[in-house]
Amino acid sequence: MAYWIASSPHNHIQGSTPALMRLVIYATIPGILAQWYFFGWGNLIHIGLALTTALVAEFTVLSLREKKVAEQLFDGSAMLTAVLIGISLPALAPWWISVLGALFAIVIVKQLYGGIGHNPFNPAMAAYVMLLISFPVQMTSWQPPLALMSIPLDFSNTLSVIFTQFTFDGYSLEQLRTHVDGYTMATPLDTVKTNITLGLTISESMNNPVIGEYVGEGWQWLNAAFLLGGLFLITQKAISYVTPLSFLASLFICSLIAFLVSPDSNASTLFHWFNGATMLGAFFILTDPVSGATSVKGRIVVAALAGFLVFIIRKFGGYPDAVAFSVLLCNMAAPLIDQYTRPRTYGHS
């Protein structure tokens, strides 16, 4: 009689990697639809470009490494990375931005380290930071919500801007980003950060059209959609609730303390929660099981550290949003945090 000897834990999750990846991709659909509704076709086009590039790059590298191409190519990991890259980019960024980002994520960050399960950094966020540092102009040219644009932008004109940087009528990207009052619009996070450096208060910044009725025209609904997708993942037990809860609680506490100390120079906690990539980072990025911590205590510590770093970088750093930088810093710290938070061996005093 043959015996199979295995180490604990013996209670294995029955779901496969492709099924989990598909579930996460499905959970991004509410956010993608909100992005399309408020900001147009740009991110959908970038998702398509990133998907195509990621699959071609994955196929090429797997073939060169003589791996099981069919099995690993369609495990969903490359597709999820491409979707996250497409979501994260400015809607009207040039086409080569998403192509370079997907190539870097798959070839350098993922396959260079051995493929799925071996990458120390989140591929999508590593690609985003690489693009942001290398091409700051293209990566900070955010499109305002469609409702605030003085020039209409349909699918064909969006496609034209992405590939030529001009609409069919000759309007440039800068003209598309210009408000009817003649100033170039930015994201709510960037607007508030810039206004504070100019001596304006938070309450004065809230009167900007890009803020809208609540905390960010279009952005609050985009984050709410990713929150909905994240809650779906928790109910399906695809991710643990401890990571997003720890991250959001940490960001909440830091921003609340700052707001109570100086409400004129610090935005509210809801503003931090429902702007930028907060909910995307909480439910879809930090929950990456490969680049994050493995123990429950470790995940809590890593997520709390990420929330603290997001607030610090948003407040004192050079970039208005900070989720990608925070995730990479926490990826580097995860092994050390794991070492000090791993569960005590049963029977060990």
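Mentor: The distance rules it out. This is a predicted model, and in it the cysteine sulfur closest to that of C254 belongs to C330, 12 Å away, which is too far for a bond. A disulfide is a covalent bond between the sulfur atoms of two cysteines. For a pair to be counted here, the two sulfur atoms must be within 2.5 Å. A search of the whole structure gives zero disulfides. Both residues are under the 20% limit for buried: C254 has a relative accessible area of 16%, and C330 has 1%.

Next come the charged pairs. Side chains of opposite charge can pair when their charged atoms come close. The structure holds three salt bridges. One of them joins E58 and K110, whose closest N and O atoms are 2.8 Å apart. E58 lies in helix 3 and K110 in helix 6, which covers residues 95–110, so this pair ties together parts that are 52 residues apart in sequence. E58 is buried, at 1% relative accessible area, and K110 is buried as well, at 4%.

Another salt bridge is formed by R177 and E174, with 3.3 Å between the closest N and O atoms. Here R177 is buried at 7% relative accessible area, whereas E174 is partly exposed at 40%. There is also a salt bridge between D321 and R314, with the closest N and O atoms 2.9 Å apart. In that pair D321 is partly exposed, with 23% relative accessibility, and R314 is buried, with 6%.

That leaves the surface. A nonpolar patch there has an area of about 1,100 Å², and the residues that make it include Y26, W36, W41, W95 and F163. Helix 2, residues 29–39, and helix 9, residues 155–164, each supply at least two residues of this patch. Helix 2 gives the largest share, with four residues. L44 is also one of the patch residues; L44 is found in helix 3, which runs over residues 42–64. With a relative accessible area of 34%, L44 is partly exposed. Helix 3 thus holds both L44 and the buried residue E58.

Notes
Residues are numbered from 1 along each chain as its sequence is written. This is a predicted model: local features need pLDDT of at least 70, side-chain atom pairs count only at pLDDT 80 or more; totals for chains, interfaces and linings use all residues. Side-chain values use heavy atoms; hydrogens and water are left out. Buried means under 20% relative accessible area, exposed over 50%, partly exposed in between (1.4 Å probe, protein chains only). Patches are made of residues with over 30% relative accessible area and no salt bridge: like charges are joined within 9 Å, nonpolar side chains (Val, Leu, Ile, Met, Phe, Trp, Tyr) within 5 Å. Accessible areas come from the Shrake-Rupley method with a 1.4 Å probe; for residues, only the protein chains shown count as cover. A salt bridge is a side-chain nitrogen of Lys or Arg within 4 Å of a carboxyl oxygen of Asp or Glu.
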